[in-house]
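This briefing covers a ligand site and a salt bridge. Please look over the sequence and the model before reading on.

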Amino acid sequence: MADEFDAKWAEFEAKCRACSNCGLRAGATNVVISRGGRHAPLMIIGEAPGEQEDLKGLPFVGRSGQLLQNLIDSYGFSEADYHICNIAKCRPPQNRRPTPQEIHACKPLLAEQFRLVKPKVILLCGSTAYEAFFGEKPVMKNVRGFFIEKNGYYIMTTYHPAFALRNPRNKLPIYEDMGKVRAKLTEIGAMPPLEPI
Ligand code: URA
């Protein structure tokens, strides 16, 4: 069973690395697929790799990633509990947002990733992730902090961690939203309750 999953995952990664569905691959050092558990109850989705992510081949390993990781760690997640990825797997030049065409081109791979990871809860970080899911530009303060149930998933939107880098006060709403995600995972039996100490 584990061998079968490993083989499917290896096939998926190879497909991502060989992808040329849009122009971003040509300018990228690495295709950034994921970090964390490959089969996990929580999927955290950002926008696209930045410079550090492109160099290391891992999502959220730069300054935003450090902030995100601190939030994750403060809620007692182990690495196997979360799967971190992005809407686009290749770095856009100068860290611009991926275009709608690039997002569209990357979607089949993200859909395949969902089928492998089988998350129960999805945390969308930032407006690009929201737009890719719901097809409209959000006013972030109006769409964050609550669950939408769609196709059997509980989906929460929060601010992108880069928003909290701009002003540390912005960390609070992301922290609150992560707390709701953590509580939902306990409520649905996907993670044990948080210990008081
Ligand atoms: N910002 C993102 O949206 N994703 C990353 O992986 C890093 C920074």
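How many nonpolar, polar and charged residues are in the shell around the ligand? The shell has three nonpolar, three polar and two charged residues, where Ala, Val, Leu, Ile, Met, Phe, Trp, Tyr, Cys and Pro count as nonpolar, Asp, Glu, Lys and Arg as charged, and the others, Gly among them, as polar.

This is a predicted model, in which local features need pLDDT of at least 70 and side-chain atom pairs count only at pLDDT 80 or more, while totals for chains, interfaces and linings use all residues. Residues are numbered from 1 along each chain as its sequence is written, and side-chain values use heavy atoms, with hydrogens and water left out.

**Ligand surroundings**
- Gly46, Glu47, Ala48, Glu53, Pro59, Phe60, Asn86 and His160 surround the ligand (a residue is near a molecule if one of its heavy atoms lies within 4 Å of it).

- A polar backbone atom of phenylalanine 60 is 2.8 Å from an oxygen atom of the ligand.
- In the side chain of asparagine 86, an N or O atom is 2.7 Å from a nitrogen atom of the ligand.
- In the side chain of histidine 160, an N or O atom is 2.8 Å from an oxygen atom of the ligand.

**Salt bridges** (a side-chain nitrogen of Lys or Arg within 4 Å of a carboxyl oxygen of Asp or Glu)
- The structure holds nine salt bridges.
- One of them joins aspartate 6 and arginine 38, with the closest N and O atoms 2.6 Å apart.

Notes: Polar contact = N/O pair within 3.5 Å; in protein donor to acceptor, adjacent residues only side chain to side chain.
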